[in-house]
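Dear colleague,

Please find below the structure that I am handing over to you. I would be grateful if you could read it alongside the notes that come after it.

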Amino acid sequence: MFEFEVKQRDGRARTATFATPRGQVTTPMFMPVGTQGTVKGISPQELSDIGSQMVLANTYHLMLRPGEQLVEAHGGLPGFTAYPGPFLTDSGGFQVMSLGHLRKITEEGVVFKNHLDGSRVELTPERSIQVQEALGADVIMAFDECPPYPAERSYIQASLERTVRWLERCHTVKTREDQALFAIVQGGVHEDLRLQSLEATLPFATPGFAVGGLAVGESKEEMYPAVAFTASRLPENKPRYLMGVGHPEDLVAGIALGIDMFDCVYPTRTGRFGYALTDDGRLNLNSSAARTQLVPLDPECDCYACRHYTRAYLAHLLRAEEMLAPRMLSLHNLRYLHRLVERMRDAITQQHFQAWAAEWSQRYFRGSVPEWFRQALQQSAHPETP
């Protein structure tokens, strides 16, 4: 159970299989986010149809509503949601940052003011694991603190040290052998703090490791050196998960640096706002130009929206505030990211990932490839250099 086998490497980029109790997945992969037990507007059948392999759900939100006991009564998240594939649950650690105005951190854990009714909620490492075991996800995350950006070095250091102590408590109370606990490496954008976190976290030898504390407001010029530094020091024989990251350029750069798993609300959120993801950048369906374009969102895409509807029709639905528009845009955006990762897996297997990524970036960035992206590809080509 939870065997991770690297199949092919091309520089730092790699493909692998990851065995879970609910089936084997192929990495690299993007995980749609179903915070409340649903990917907004998308049915489980549609998720399967577009190639989703694992779905993320959120411990904090499901603990508050409907409560983990009700999910457990359905046999866990697959029975509750009718999505039969593997699940990953966030520990609630991200809400320590995102709900900063509603919480107080202590050594014991975090006390929240319930954002739904104002009541007092306590989330500790022990409580997080208890809830995640009831939710029944295949992969569960250690309870951590995700520091905001910017934050003082001293705060980040104290936070990562506390996160390691919380990891030890999570490790101690975990009881289910059919769930893989992933530890989370913190340290912000500081390499020495990342190294400190790595040295304290790796001895726990968890089935996988996550890179946390990034994509929280820092620039990509600051973020990607931290990704490269951390990923190159994580075990070769275990999955590496870059948390909360999912713009197309982030997937390409992250995979170049050896990341295996991603998640983000970006594809569905941007779809609800009327935007479609393509290799040529983001397409604005709110624009007047889209209203008369009798072509698909993306002629290269095989999703339901692109096979059946024109940009003009979907732009009309947006203006009319019809629910089908955000649903179809969200569906397309998820399929686009899945296709993007599928193409990268093929390029790695065929040993031409560098050339593929360089060609993709010229089109996506319209000839103005940013330096942070170039550096990620250059580092990818030299796997022997940490």
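Predicted model: local features only at pLDDT ≥ 70, side-chain atom pairs only at ≥ 80, totals over all residues.

Residues are numbered from 1 along each chain as its sequence is written, and side-chain values use heavy atoms, with hydrogens and water left out.

Helices (H or I, at least four residues) and strands (E, at least two) are DSSP runs numbered from the N terminus. The axes of H10 (residues 248-256) and H16 (residues 371-380) come within 8 Å and cross at roughly 30°; axes are lines fitted to C-alpha atoms over the stretch in contact, with angles from 0 to 180 degrees between N-to-C directions. H10 and H16 are therefore roughly parallel (an angle under 35 degrees). In H10, Glu249, Asp250, Val252, Ala253 and Ala256 meet Trp372, Phe373, Ala376, Leu377 and Ser380 of H16 (heavy atoms within 4.5 Å). By class, this contact has seven nonpolar, one polar and two charged residues (Ala, Val, Leu, Ile, Met, Phe, Trp, Tyr, Cys and Pro are nonpolar; Asp, Glu, Lys and Arg charged; the others, Gly among them, polar).

The largest pocket holds about 930 Å³ of space (an open set of points on a 1 Å grid over the protein atoms alone, where a 1.4 Å probe fits, with protein on both sides within 12 Å along at least five of seven lines; lining residues have an atom within 4 Å of a point; the volume is the space filled by probe spheres set on the points, which are joined across faces, edges and corners). Among its 43 lining residues, Phe94, Gly244, Asp263, Cys264 and Val265 are the closest to the centre. H5 gives the most to this lining, with five residues.

Yours sincerely

Key:
Parallel < 35°, antiparallel > 145°, perpendicular 65-115°, else oblique.
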